[in-house]
Amino acid sequence: MKFKFPNIGFNRSLGIDLGTANTLVYSKKHRRIVLNEPSVVAVERESRKILAVGNEAKEMLGKTPDTIVAVKPLSEGVIADYDVTEAMIKYFIKKVFGSYNFFMPEIMICVPIDVTGVEKRAVLEAAISAGAKRAYLIEEARAAALGSGMDISVPEGNMIIDIGGGSTDVAVISLGGTVVSKTIRTAGNNFDADIVKYVKKTHNLLIGDKTAEEVKIKIGTALPLEEEEIMTIKGRDLIMGLPKTVVITSEEVREAIHDSLMEIVECVKYVLEQTPPELASDIIDKGMIMAGGGSLIRNFPELIAKHTNLTVKLAENPLESVVRGAGLALDQLNVLRQIEKAER
């Protein structure tokens, strides 16, 4: 049975994927994503005054004077700086609805599977303080499954691999509940850090996270390519201290991120090993679905398939699966509450 929430405040309900790298907002009224911006806030160091949020703040990363700091208020999918997170949520709500709001929105926020009760309260309190009428939480893996088109209400095993910026959630879901799950703090941001470290060690070149992300997106791969790709990158020579340009190859990037990729593969194998036989049988038939921005590394599904001998598919739109699932969950609030009670 599906519960449809009453049309309070002209149906201003929002689904929010409060990610370590990016925040996405889904409007229930418009049935689409209405905002997608980096989870970055520029703050004046002394007064803690908010100067910029989202795209504008990301442009300042690595380029600010000593008096300004560009902050990522979420670390590994959870709140690291409460006040800045509250300001960021408030900014995004205002950007979606405008300055004058009589009807406050209801918000469904995604959180990693293994967040603590304290961390959950911090997310809820930040949302309420930012102007939400009511706030609810949904596990990212469950939201990703919903947003990927899985029917998680049936008594069958559905396996989802959600690779975000700060954490990876792997879960087997049946009858709407999480049967087996594991979260690791290895995800998209680790790939960036791996590339920075590799370039520093191999080319004596210091590059920023933004450059590393560009390298990952353009020539990153989980398996060797038939035809190697190259990319020119710029940074600071660690020996001479001067600006320098080098060429990096797709094979070098694969080597740089290999260990982090394999940590995620091992996490998937662990969850499969813990899955009850009947549900494992369903997963053999249906395979797994990957979601989240980290799953977009080229040939990553093929790498997991190679190590598990199972079918692995990308969600139709991996970047949007979690937030779309959060939006869909707003139609099933009573079902989610029943599941949460049963899981306690």
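Q: What's the handedness of the α5 and α7 crossing?
A: Right-handed, in this predicted model.

Q: At what angle do the axes of α5 and α7 cross, and within what distance do they come?
A: They cross at roughly 140° and come within 9 Å. Helix α7 covers residues 250-274.

Q: Which elements give two or more residues to its lining?
A: Strands β1 (14-18), β2 (22-27) and β11 (158-163), plus helices α5 (188-203) and α6 (209-219).

Q: How many residues line the largest pocket, and which lie nearest its centre?
A: The lining has 32 residues. Nearest the centre are Asn22, Gly292, Gly293, Gly294 and Leu319.

Q: How do the lining residues divide into nonpolar, polar and charged?
A: There are nine nonpolar, 15 polar and eight charged residues.

Q: And where does the largest pocket lie relative to the domains?
A: Between domain 1 (13-142 + 322-343) and domain 2 (150-314), because both give residues to the lining.

Terms used
Residues are numbered from 1 along each chain as its sequence is written. This is a predicted model: local features need pLDDT of at least 70, side-chain atom pairs count only at pLDDT 80 or more; totals for chains, interfaces and linings use all residues. Side-chain values use heavy atoms; hydrogens and water are left out. On a 1 Å grid over the protein atoms alone, a cavity is a set of points where a 1.4 Å probe fits but cannot get out, and a pocket is an open set with protein on both sides within 12 Å along at least five of seven lines; lining residues have an atom within 4 Å of a point. Helices (H or I, at least four residues) and strands (E, at least two) are DSSP runs, numbered from the N terminus. Ala, Val, Leu, Ile, Met, Phe, Trp, Tyr, Cys and Pro count as nonpolar, Asp, Glu, Lys and Arg as charged, and the others, Gly among them, as polar. Domain bounds come from an automatic or database domain assignment. Axes are lines fitted to C-alpha atoms, for helices over the stretch in contact, and angles run from 0 to 180 degrees between N-to-C directions. A crossing is left-handed if the near helix is turned anticlockwise from the far one by less than a right angle, and right-handed if clockwise.
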